[in-house]
Amino acid sequence: MVDKARKIFNSSGEHRVLVTRELPGARWLEIFEEAGCRVEICSSQEVMSGDEIRSEVGDHCDGVIGQLTEAWNEEIFSALKIAGVKVYSNYAVGYNNVDVEAATSCGIPVGNTPGVLTETTAEMAVTLTLAAARRVIEADKFTRGGKYRGWQPSMFLGKLLYRKTVGVIGAGRIGSVYGKIMVEGFKMDLIYHDIRRNETLEKYISDYSRFLTEHGEKPVACDYAGTADEVLARADVVSLHPVLDNTTFHLINAARLDLMKEDAVLINVSRGQVVDEAALVAHCRDHPTFRTGLDVYEAEPDMAPGLAGLDNAVIVPHIGSATGWTREGMAVLAACNVAAILRGYPAWRKTQNIDPFLGDDPPRAAPGIVNADELSIPYYRGD
Ligand code: DGY
């Protein structure tokens, strides 16, 4: 059970906002204060159940910020509606834990925190790629374990990335940045799959390729693949960045792992359920030169049996967005979502740059409302 300990901020504020977990930074609280909100922050470290959330919301509440670890379902949104909640924001860019359809039918706008996680999460995907390809964790354990007896020609041989092929499945914001880093950093060719072509990314790589040839270097290629299978078969490294939905659940299964090169590297910083984790464990066991780097798990925080014992898996605890700047930025965007809707402000377009919200004078808009169209919330046209 979650204990009832709560921190209260700006107690005389007229709008009651509930935040299910403490958030980093101070700016997000100033945003609420400026909007006349009383903020109640649950200080438990446990994941809140639906019953606990409903009890914390109580009879009256105006806005809520919740966590990606909580299931915001139909039952909760019905309770939120009865309590008078006018807006919910996830403290995350992903919102597969939120039943947006249920929120929409209750008339509740749902916010997310796009833009501030992009580079941070892409950097984690790169970190996992390098750690897996060059066996950094295995080598670290070995060295700490006092096993290092001197340089050896064949010790911890890993995989060279330079001029190989990197595959990206899901070339949205994070996938594109990851692809660009790998192309620019290691002169890799890029092959990507998404439900739609990313022409901006293709042009960027083609301009970069021209730059390389102008400087006397070999060009790089960027190919769009019509299927995920093609990416898996051709790439030396594959990084997964799709949105989790019915079409991407267990996108990586035993059959698709078998399409991959024997010594490929598979990275996942998206959502755990995109990968059939038991199949991945079996594949890693059967293919010792195959490597994986995971930030997310199918039944987080649990892991599939055997995963933690694999030398060819690098595993970290969902820290893709874990930098101070990003986590504080996420708090600011979530607060802006809630405060803006309570103030009757319009929604920021999904294609617009989020940076102005991180300054001292944020636009009078909600930065990330995912069901703005469905709820006919007008879009921002300028202050
Ligand atoms: C998100 O915001 O969706 C991320 O998974 C948090 O790291």
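Predicted model: local features only at pLDDT ≥ 70, side-chain atom pairs only at ≥ 80, totals over all residues.
Residues are numbered from 1 along each chain as its sequence is written.

**View 1. Six strands form an open sheet with mixed pairing.**
The order is S1-S3-S2-S4-S5-S6. Strands (E, at least two residues) and helices (H or I, at least four) are DSSP runs, numbered from the N terminus. Two strands pair if DSSP finds at least two bridges between them. Strand S1 (6-9) and strand S6 (110-111) stand at the edges. Each has a single partner strand, so one side of each is left without a neighbour in the sheet. Strand S5 (residues 87-90) pairs with S6 in the parallel sense, over two bridges.

**View 2. Seven strands form an open sheet with parallel pairing.**
Read the order as S9-S8-S7-S10-S11-S12-S13. Strand S9 (222-224) and S13 are the edge strands. Each has a single partner strand, so one side of each lacks a neighbour in the sheet. From one strand to the next, the twist averages 15 degrees. The axes behind this angle are lines fitted to C-alpha atoms, for helices over the stretch in contact, and angles run from 0 to 180 degrees between N-to-C directions.

**View 3. Strand S8 (residues 189-193) pairs with S9 and is joined to S7.**
Five bridges join strand S7 (residues 165-169) to S8, and the two run parallel. S8 and S9 also pair in the parallel sense, over three bridges. Gly167 stands opposite Ile191, and in S9 the bridge partner of Ile191 is Asp223.
Is S8 enclosed or open? Five of its five residues are buried, so S8 is largely enclosed by the rest of the structure. Buried means that 20 or more other C-beta atoms lie within 10 Å of the residue's own; exposed means 12 or fewer, partly exposed is in between, and C-beta atoms are placed from the backbone. Both faces of S8 are covered. Asp189, Ile191 and His193 lie on one side, with Leu190 and Tyr192 on the other.

**View 4. The protein is assigned two domains.**
Domain 1 covers 6-116 + 322-358, and domain 2 covers 118-315. These bounds come from an automatic or database domain assignment. The domain centres, taken over C-alpha atoms, are 33 Å apart. Five residues of domain 1 are in contact with four residues of domain 2. Contact means that the C-beta atoms of two residues, placed from the backbone, lie within 7 Å. On the side of domain 1 that touches domain 2 there are no nonpolar, five polar and no charged residues. Ala, Val, Leu, Ile, Met, Phe, Trp, Tyr, Cys and Pro count as nonpolar, Asp, Glu, Lys and Arg as charged, and the others, Gly among them, as polar.

**View 5. A shell of residues surrounds the ligand.**
The shell holds Leu68, Ala92, Val93, Gly94, Leu117, His318, Gly320 and Ser321. A residue is near a molecule or strand if its C-beta atom, placed from the backbone, lies within 6 Å of it. By class, the shell has four nonpolar, four polar and no charged residues. His318 lies in the loop between S13 and helix H12 (324-342). Its phi is near 45 degrees, a positive value in a residue other than glycine. His318 counts as partly exposed, because 18 C-beta neighbours lie inside 10 Å.

**View 6. Leu333 in helix H12 is buried.**
Around Leu333 are 29 other C-beta atoms within 10 Å. Leaving aside neighbours within four places in sequence, Leu333 is in contact with Thr113, Val116, Ile354, Phe357, Pro367 and Gly368. Leu333 and Ala92 are 241 residues apart in sequence, and 9.5 Å apart in space, C-alpha to C-alpha.

**View 7. Met124 in helix H5 is buried.**
Met124 has 24 other C-beta atoms within 10 Å. Not counting residues up to four places away in sequence, Met124 touches Val269, Asp295, Ile319 and Gly320.
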